[in-house]
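Me: I have a structure open and would like to go through it with you. Can we take the domains and then the ligand?

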Amino acid sequence: MKKIIEQLKQIVSSENVLSELEERYVYALDATNKQNIENLPDAVVFVETVEHVQQIMRLAYANNISVIARGAGTNLVGACIVKAGGIVLNFSKMNKILEINQENLTARVQSGVIVGDLQSEVEKSGLFYPPDPSNLKVSTIGGSVGLSSGGPRTFKYGSTKDYIIDLKVVLADGRIINTGSNTAKNSTGYHLSQLFIGSEGTLGIVVEALVKLIPKPEGSKVILAYFDKISDATHAVNVILENKLMPATLDIMDKKTLQTVEKFSPAGLLTDKDAALFLEVDGYLASLDYQQNKVVELCQRCGAVEVKFSKNEEDAQKIWTARRSAFGACAKLKPNVVAEDIVVPREKIAELVEGVRKICEKNNLLVCIMGHIGDGNIHPNIPLDLNDENDVKNYGQAKDEIHQLAIDLGGTLSGEHGIGCEKSKYMTNAIDDVTLEYMKKIKKVFDEKNILNPQKIFFSER
Ligand SMILES: Cc1cc2nc3c(=O)[nH]c(=O)nc-3n(C[C@H](O)[C@H](O)[C@H](O)COP(=O)(O)OP(=O)(O)OC[C@H]3O[C@@H](n4cnc5c(N)ncnc54)[C@H](O)[C@@H]3O)c2cc1C
């Protein structure tokens, strides 16, 4: 590797290559809860241009070296964990918004652009980039494309996959492709953008994205509705939709989550209710009161025992702060917390929540359930101590059962966090043999040498 590291330094200059042991440790893991480092990268390279990425890929391809693209490294599924050594490509210096085109309603960005920065920048022109992973202040466009990240707004506006018009991708051998075109519509051949979205850096390295923008809604209002039974909350969601309302957000927190938030970041939440719905309505200012009143009325009709709603921006922010602090609060219950991400058809959500509760109880684990009920996507957050053998054993069992439950209910393994190496063993349960065979063939077509983020998504590659 010494010779390769010298060549890397020639490509990007010495200050952009990290190869000391301590530095390599920093990039061996991601935000996934892990006790041990499995493998270290041989080098971490800060790329600044598309040509840098091309030259590095040519070098890696010629020498059979693994390459792991890395944004902010905040994924929760081991998608950036180093499995076979190699080069970590760090995109934090490719963080320019290249163009905001108000006529075409598009933005062209480099992969290292922070999602929240893009949002703030386009909002200055009254435009809107909706995908909103809750850690959008740090997560990158490259990483969100890698996982098709979503968030509370996915229900109305869709996730990353719905906002990508074109990707510039450096292939394993250093050549470049564009997966789409510059146009809003495109029915010209295979839709390669969708193939790369969610591919977790296993098919190519995304260097630029052309994203779709929409006009920013004029305003929004927030509603917080409490229910004594989680099934009443899910019923309320159905009734809201039957009444042709389309909230921007339809999120839920269960009792344990409400109690945990109140314990660690008091926000005035009620802690004796089984569940709370967090709803946001948005759109033209003239429509907001109508939408809010209607949602409040429907929640009450479906058994909401208490409904609060924002009268101004300050109220709204208070409610949102409570929702956003949920994961952090759960992390304080035990030394570690594992965030799961399962998804089912919306009609099965009450069964999923009940089932997850039972599985965790049976396996002596705490669980705080929250998530995007409108999308059928929940995050069971499991606080535990990874140094405690029993917790580790119980969690392993519960994790298998939770994922199987989602599949049995007609759902699947991930709504927005991806597969990485943490869920790859369940792929054969979730996806039929022929589909999986074709997914693996696609991987081979783009990466015959298996150098792009190996041992991710599929279980046994190397
Ligand atoms: C506190 C917390 C809250 C979160 N909330 C949410 C949420 O609400 N919704 C949600 O969807 N997720 C959430 N996540 C998961 C994750 O952080 C996000 O999905 C985020 O968008 C990932 O961005 P990143 O830059 O950190 O990507 P990384 O973790 O760096 O990378 C993710 C994947 O993309 C690949 N990749 C990165 N850059 C490129 C590139 N240039 N080319 C090709 N592949 C690339 C990587 O190899 C990896 O496979 C959360 C995580 C944390 C820690």
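Me: What distance separates the centres of domain 1 and domain 2?

Reply: This is a predicted model. In it, the centres of domain 1 and domain 2, taken over C-alpha atoms, are 23 Å apart. The contact takes 15 residues from domain 1 and 17 residues from domain 2.

Me: How much area is buried between domain 1 and domain 2?

Reply: About 1200 Å² is buried there, and carbon and sulfur atoms give 72% of that area.

Me: And in domain 1, which residues lose the most area to domain 2?

Reply: Those are Val50, Gln54 and Met57. Together they account for 33% of what the domain 1 side buries.

Me: Back up a bit. Which domains does the assignment give for the protein chain?

Reply: The domain assignment lists domain 1 (2-90), domain 2 (97-215), domain 3 (219-327) and domain 4 (333-421).

Me: OK, on to the ligand. Why does it lie between domain 1 and domain 2?

Reply: The ligand lies between them because domain 1 and domain 2 both give residues to the shell around it.

Me: Which residues come nearest to the ligand?

Reply: There are 33 residues around the ligand, and Ala69, Gly71, Thr74, Thr140 and Ser149 come nearest.

Me: What lies 2.5 Å from an oxygen atom of the ligand?

Reply: A polar side-chain atom of Thr74 does. With Ala72, a backbone N or O atom is 2.8 Å from an oxygen atom of the ligand. Glu416 has a polar side-chain atom 3.2 Å from a nitrogen atom of the ligand.

Me: How much of the ligand's accessible area does the protein cover?

Reply: On its own the ligand has 970 Å² of accessible area, and the protein covers 93% of that.

Me: Which elements give two or more residues to the shell?

Reply: Strand S3 (67-70), helix H5 (141-147) and strand S10 (205-212) do. H5 gives the largest share, with five residues.

Me: Last one: how many residues of the shell are nonpolar, polar and charged?

Reply: The shell around the ligand has 19 polar residues, 11 nonpolar ones and three charged ones.

Note on methods. Residues are numbered from 1 along each chain as its sequence is written. This is a predicted model: local features need pLDDT of at least 70, side-chain atom pairs count only at pLDDT 80 or more; totals for chains, interfaces and linings use all residues. Side-chain values use heavy atoms; hydrogens and water are left out. A residue is near a molecule or strand if one of its heavy atoms lies within 4 Å of it. A polar contact is a pair of N or O atoms within 3.5 Å; within protein, one must be able to donate a hydrogen and the other to accept it, and residues adjacent in sequence count only if both atoms are side-chain atoms. Accessible areas come from the Shrake-Rupley method with a 1.4 Å probe; for residues, only the protein chains shown count as cover. Helices (H or I, at least four residues) and strands (E, at least two) are DSSP runs, numbered from the N terminus. Ala, Val, Leu, Ile, Met, Phe, Trp, Tyr, Cys and Pro count as nonpolar, Asp, Glu, Lys and Arg as charged, and the others, Gly among them, as polar. Domain bounds come from an automatic or database domain assignment. Contact means heavy atoms within 4.5 Å. Buried area is the accessible area (1.4 Å probe) that two parts lose on being put together, summed over both.
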